[in-house]
Amino acid sequence: MSENISPFHSQRTSYEPRLPKALQGYARVEEVEGSVAVSDPDVQKLFPQTFEGKMVKLVPGDKPATTEPLTIGVVLSGGPAPGGHNAIAGLYDALKKIHPDSRLLGFLNGPIGVIQGDYIELSDELIQKHRNTGGFDIIGSGRDKIESAEDIDRCARALSTLGCKALVVIGGDDSNTNAAILAEELKARNSEIQVIGLPKTIDGDMRNEIIETSFGFDTAAKTYANLVANIARDARSARKYTHIIKLMGRAASHVALEVALQVHPNLTIISEEVEKRGLTLDQVVEQIVDVIVRRASADKNYGVIVIPEGLLEFLADFKELLKELSLMMKEHEEVLHAFHSDEDVRQFVNRHLTAESAKVYGSLPDSIQHTLLKPDKHGNIPVSHIETDVLLMDLVKLRLDELTQLGQFKGTFSPITHFFGYEGRCVPPSNFDAEYCYALGYAAVSLITAGLTGFTVYGQNMMASPEDWVMGGVPVTSMINMELRKGKMKPVIKKALVELEGKPFKAFAAARDNWIVEDDYHFVGPIQYYGPADLADARTLTLTYERS
């Protein structure tokens with residue numbers, strides 16, 4: 001990293017996160033009363049070595065668990081999330097507190113680094129440069145998985161050769177599931193190497209009744225809220241554009257919901273509600289058209305519409321189309337590749353779809369029709385490559401043209417589309433994420449010195465000051481269920497979707513009708529790192545509604 005750093009960067013690296021009371025001295029683990037082992041027999045069969053672990057919390061102790069120097073490995077898995085560097089800094093500081101000769105080894109570019117034994121030893125200088133900064137660039141990240149027996153053997157050899165007592169996996173639900181599998185396999189091999197996970201994802205879906213929030217969500221959601229608010233201000237200023245904004249969140253709509261609660265866009269579509277109501281693509285288009293027509297009647301030919309990234313996969317008719325296309329491509333792969341013209345492909349596809357799915361397929365632009373017939377290397381239909389915001393814009397425009405011809409729409413529609421995703425992944429972490437991640441890393445070392453493996457670190461009482469947070473560990477197996485993935489039943493941590501009966505969604509649902517025609521935009525501003533606590537230490541509204 002260049003020594004010529006910005007004034008903000010220089011100031012931010014000196015910020016000192018506060019630690020929960022249990023971590024300020026010598027922490028020890030205490031089993032949580034009433035916590036239960038895994039009851040799912042299928043999960044027990046897959047995790048016979050680790051399924052009996054009980055949830056623990058960290059409490060103040062009167063002596064250190066060990067005074068011997070330790071060597072621990074850390075790996076970043078999956079997409080970046082604000083706060084990852086602080087999780088590593090927390091690990092480092094906790095290790096050095098045990099003994100100045102303790103070592104933290106950072107495996108490079110994700111799990112592949114563990115498999116290949118590709119690492120660097122993290123130093124005081126390198127850690128200091130990355131404290132309270134965004135990104136995962138300190139060691140890089142990747143989306144590889146440690147799954148095969150050969151991969152696990154290579155990991156075990158690399159970790160053992162380097163003298164690692166444990167590996168800390170920083171990742172989301174898939175990465176923590178992978179960590180549980182690695183912990184299980186290492187124990188089955190009579191290895192004493194432990195595996196601990198940290199809950200990361202900006203999508204907010206790595207959480208449950210124990211893990212109150214995943215790290216990175218606070219910062220990313222606030223970043224997107226600021227961007228959407230800026231566009232809302234521009235819309236109200238220019239008074240001629242309708243902005244359709246797609247936000248991160250393929251499996252869950254937590255980001256879209258949080259931005260809606262903060263900014264009050266004219267329309268926000270929540271995927272989980274769409275699925276519950278069984279809405280089709282046409283019905284969602286009509287919903288958007290209705291908002292535009294109502295605003296035009298009030299002489300407001302502008303507005304802000306927010307949609308989640310994964311919306312298409314929650315639509316009743318689109319889900320059925322994907323199912324039929326997937327089956328058809330598996331059965332007729334060679335035939336599809338033999339056609340020489342797009343029209344021949346289109347006719348063949350239509351003959352093998354139900355009438356309803358053929359109608360949906362035919363309504364899509366040619367470019368999207370082609371995209372759906374080009375599976376990725378795993379054989380999956382690349383829905384993520386579809387520009388949902390652009391698709392909806394085109395379909396809305398067609399419908400408004402029809403209404404104009406019928407004399408039912410006399411306004412104007414000048415759409416602009418946006419996708420905010422990467423803009424929020426590597427932002428300098430908010431004070432909340434900076435302190436949360438630091439505490440997660442620090443707590444991980446306490447779980448390791450207690451001899452635990454196959455656990456994910458959690459934080460509770462997160463609405464309180466960091467000193468009063470409750471940190472601990474929960475067995476990953478207790479969060480795992482069996483799901484059908486690529487035709488096989490696989491162990492996975494269940495993603496937390498937006499709960500339609502939850503307080504955040506109910507607050508949104510109670511207010512959203514007032515935002516359709518009225519410009520009730522809230523201009524939240526950028527993340528504040530210094531200043532009054534109600535600005536600099538503010539929690540997301542999602543967490544506030546859920547935990548207040």
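Guide: H9 passes H10 in a right-handed crossing (near helix turned clockwise from the far one by less than a right angle; anticlockwise is left-handed). This is a predicted model, in which local features need pLDDT of at least 70 and side-chain atom pairs pLDDT 80 or more, while totals for chains, interfaces and linings use all residues. Residues are numbered from 1 along each chain as its sequence is written, and side-chain values use heavy atoms, without hydrogens and water.

Helix H9 covers residues 217-238 and helix H10 residues 254-263; their axes come within 9 Å and cross at roughly 55° (helices are DSSP runs of H or I, at least four residues; axes are fitted to C-alpha atoms over the stretch in contact, with angles from 0 to 180 degrees between N-to-C directions). H9 and H10 are therefore oblique to each other (under 35 degrees is roughly parallel, over 145 roughly antiparallel, 65 to 115 roughly perpendicular, the rest oblique). From H9, Phe217, Ala221, Lys222, Tyr224, Ala225, Val228 and Ala229 meet His254, Val255, Glu258, Val259, Gln262 and Val263 of H10 (contact: heavy atoms within 4.5 Å). The residues of this contact of H9 with H10 divide into nine nonpolar, two polar and two charged (Ala, Val, Leu, Ile, Met, Phe, Trp, Tyr, Cys and Pro are nonpolar, Asp, Glu, Lys and Arg charged, the others polar).

Helix H4 (residues 84-98) packs against helix H19 (residues 431-449) at about 45°, with the axes 7 Å apart. That angle makes H4 oblique to H19, and H4 passes H19 in a right-handed crossing. The residues of H4 in this contact include Ala87, Gly90, Leu91 and Ala94, and those of H19 include Ala434, Tyr438, Gly441 and Val445. By class, the contact of H4 with H19 has twelve nonpolar, four polar and two charged residues.

H19 also carries Phe432 and Tyr436, four residues apart, about one turn of the helix. The structure holds nine aromatic pairs. Phe432 and Tyr436 form a tilted one, 5.6 Å centre to centre with 40° between the planes (ring centres of Phe, Tyr or the six-membered ring of Trp within 6.5 Å; planes under 30 degrees apart are stacked, over 60 edge-to-face, the rest tilted). Phe432 and Tyr436 are both buried (under 20% relative accessible area with a 1.4 Å probe, protein chains only). Together with Trp469, Phe432 and Tyr436 form one aromatic cluster.

Helix H13 (residues 316-331) and helix H16 (residues 355-363) pack at about 100°, their axes 9 Å apart. H13 and H16 are therefore roughly perpendicular to each other. In H13, Asp317, Phe318, Glu320, Leu321, Glu324 and Leu325 meet Ser357, Val360 and Tyr361 in H16. The contact of H13 with H16 has five nonpolar, one polar and three charged residues.

Methods
Helices (H or I, at least four residues) and strands (E, at least two) are DSSP runs, numbered from the N terminus. Buried means under 20% relative accessible area, exposed over 50%, partly exposed in between (1.4 Å probe, protein chains only).
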